[in-house]
Amino acid sequence: MQEPVLTINAGSSSLKFSLFETSDDRTLKLKLAGEVEEIGKAAHLKVTDDQRRALADEATKAVNPHEALAAVQDWLGSWSKQAVTISAVGHRLVHGGERYRLPVLVDQDVLRGLDELIPLAPLHQPQQLDAIRAVARLVPNARQVACFDTAFHATQSALARNYGLPRKWTERGLRGYGFHGLSYEYIVSALPRIAPELVGVRLVVAHLGNGASLCAIAEGRSVATTMGLTALDGLVMGTRCGSIDPGVLLYLLQHEKMSPDELQTLLYQQSGLLGVSGLSADMRELLDSRKPAAKEAVDLFIYRITRELASLVGAMGGLDAVIFTGGIGEHAPPIRAQVVAGARWLGLDLDEAANARAGPRISPNGSKVSAWVIPTDENLVVARHTRWLLDKA
């Protein structure tokens with residue numbers, strides 16, 4: 001294998017990874033992908049090849065990111081029948097703040113700067129930084145690159161990003177950043193191959209999953225997005241509330257005497273689809289359920305999407321296409337159908353047969369605004385950035 005690139009996406013209780021091999025012309029090809037699930041509990045390692053055929057499905061004793069990465073490293077050695085030298089590692093980082101608008105080679109100064117952003121992404125940033133430090137201990141000679149979900153949105157104007165706060169707070173960084181940027185970047189990069197007619201036009205991309213957001217993209221650049229300072233803003237999500245009146249938070253703090261930690265847990269982990277349904281954060285379970293609260297949660301999810309879609313069309317001054325991606329966006333035809341139905345006034349129509357098979361185009365040829373399903377690949381974007389930056393260094 002020539003100069004492999006390992007990509008890592010660390011979560012609160014899981015660690016996803018992909019291994020890409022580099023060809024002679026420096027292009028990247030996926031070799032395998034995997035995940036260590038339930039870290040600290042019943043940890044389990046799963047790995048598939050580039051055709052999604054199972055290569056591993058086994059228990060491991062990982063109780064932290066360091067041990068999870070060690071298990072991955074050991075498995076890679078046994079799989080290849082020799083030690084795999086990992087010299088290039090790319091990480092998905094949720095928040096780059098104002099300072100990090102491009103991928104960056106990680107050093108101690110970068111780590112200190114990213115530590116300061118933990119309060120803005122408390123569910124993601126700590127684990128992702130732990131993974132960087134774990135790689136440094138396990139593979140001290142590896143060069144590591146941090147790639148940021150916020151970076152794609154740096155093209156937005158100050159008007160799109162600023163809140164109605166006193167200027168001193170804006171100058172201290174309290175403004176909208178946006179997330180899921182690596183996913184949006186991949187979609188833009190895939191258009192010349194999948195839908196060349198969409199290159200350079202006005203798009204709204206719907207990244208719908210446990211975390212969910214919409215992004216208005218014109219001429220390949222982010223114009224506006226539904227997430228803001230943190231990944232709580234915008235749409236209703238799996239366990240996150242989405243946009244909420246700040247007065248609700250003041251009420252909970254002042255009258256219900258919630259502590260900041262209790263409020264954070266409520267907003268990040270107990271709200272959204274889970275909180276509204278009282279059943280599950282999993283859209284598949286909600287769609288299969290006959291409970292009225294499950295339907296209410298799904299209806300709220302769709303309502304917020306169609307309402308925010310209209311606001312992004314206004315910010316962009318028009319719309320040519322809507323693209324669905326992410327776990328729900330790619331795999332839930334009923335959700336796509338209801339979103340299209342709610343946006344029919346914009347000129348969207350649905351080809352039901354195409355929607356059932358996930359397109360890629362799911363609107364009829366006569367639709368004024370087209371609709372598409374394009375699977376995302378954030379890992380490939382991270383690998384590309386890592387390869388480019390290390391080749392340049």
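Before anything else, the cut-off I need: a residue is buried under 20% relative accessible area, exposed over 50%, and partly exposed in between. Also for the record, what I have here is a predicted model.

**Entry 1**

I started with His180, which lies in the loop between α5 (167-171) and α6. His180 has 7% relative accessibility, so I put it down as buried. Its phi is near 60 degrees, a positive value in a residue other than glycine. My reason for flagging this: most residues other than glycine have a negative phi, and most peptide bonds are trans.

Next I looked up Lys257. Its phi is also positive, about 60 degrees, and Lys257 is not a glycine. I found Lys257 in the loop between α7 (246-254) and α8 (260-269). Is Lys257 buried or exposed? With a relative accessible area of 63%, Lys257 is exposed, because the cut-off for that is over 50%.

Then the peptide bonds. Gly359 and Pro360 are joined by a cis one, with omega at about 25 degrees. Pro360 sits in the loop between α14 and β13.

**Entry 1: α2 against α3**

For packed helices I note the angle between their axes and the distance between the axes. Helix α2 covers residues 108-115 and helix α3 covers residues 125-138; they pack at about 165 degrees with their axes 10 Å apart. An angle over 145 degrees counts as roughly antiparallel, and α2 and α3 are therefore roughly antiparallel to each other. The crossing of α2 past α3 is left-handed.

Which residues of α2 and α3 meet? From α2 I listed Leu111, Leu114 and Asp115, and from α3 Gln125, Leu129, Ile132 and Arg133. By type, the residues in this contact of α2 with α3 come out as four nonpolar, one polar and two charged.

While in α3 I checked Asp130, which belongs to that helix. Asp130 has a relative accessible area of 38%, so it goes down as partly exposed. I also took a distance: Asp130 and Glu38 are 92 residues apart along the chain, and their C-alpha atoms are separated by 16 Å.

**Entry 2: α6 against α15**

Helix α6 (residues 181-194) and helix α15 (residues 378-392) pack at about 85 degrees, and their axes are 8 Å apart. That angle makes α6 roughly perpendicular to α15. On the α6 side I wrote down Leu182, Ser183, Glu185, Tyr186 and Ser189; on the α15 side, Glu378, Leu380, Val381, Val382, Arg384 and His385. The tally for the contact of α6 with α15 is five nonpolar, three polar and three charged.

**Entry 3: the nonpolar cores**

Background for this one: in soluble globular proteins, nonpolar side chains tend to be buried together.

How many residues does the largest nonpolar core have? I get 44, and the residues with the most contacts inside it are Leu208, Leu214, Phe301, Leu309, Leu319, Phe324 and Ile335. The elements that each supply at least two residues of this core are β9 (202-208), β10 (212-218), α10 (283-288), α11, β12 (321-325), α13 (333-342) and β13 (370-373). Helix α11 gives the largest share, 10 residues.

I zoomed in on Leu309. Leaving aside neighbours within four places in sequence, Leu309 is in contact with Val204, Leu214, Val322, Ala343 and Leu346. There is also a second, separate core of 28 residues, and among its members are Val145, Tyr186, Ile323 and Val382.

Val298 is in helix α11, residues 292-316. I noted 5% relative accessibility for Val298, so it counts as buried. Not counting residues up to four places away in sequence, Val298 touches Met283, Leu286, Leu287 and Ile335. From Val298 to Met283 is 15 residues in sequence and 7.7 Å in space, C-alpha to C-alpha.

Why do I call Asn355 buried? Because its relative accessible area is 4%, and the cut-off is under 20%. With neighbours within four places in sequence left aside, Asn355 contacts Pro333, Arg336, Ala337, Leu350 and Ile362.

How values were computed
Residues numbered from 1 in each chain as written. Predicted model: local features only at pLDDT ≥ 70, side-chain atom pairs only at ≥ 80, totals over all residues. Heavy atoms only, no water. Axes fitted to C-alpha atoms, helices over the stretch in contact; angles between N-to-C directions. Helix = DSSP H or I, 4+ residues; strand = E, 2+ residues; numbered from the N terminus. Parallel < 35°, antiparallel > 145°, perpendicular 65-115°, else oblique. Left-handed = near helix turned anticlockwise from the far one by under 90°. Contact = heavy atoms within 4.5 Å. Nonpolar A, V, L, I, M, F, W, Y, C, P; charged D, E, K, R; others polar. Buried < 20%, exposed > 50% of the residue type's maximum accessible area, 1.4 Å probe, protein only. Core = buried A, V, L, I, M, F, W, Y, C linked by side-chain atoms within 4.5 Å.
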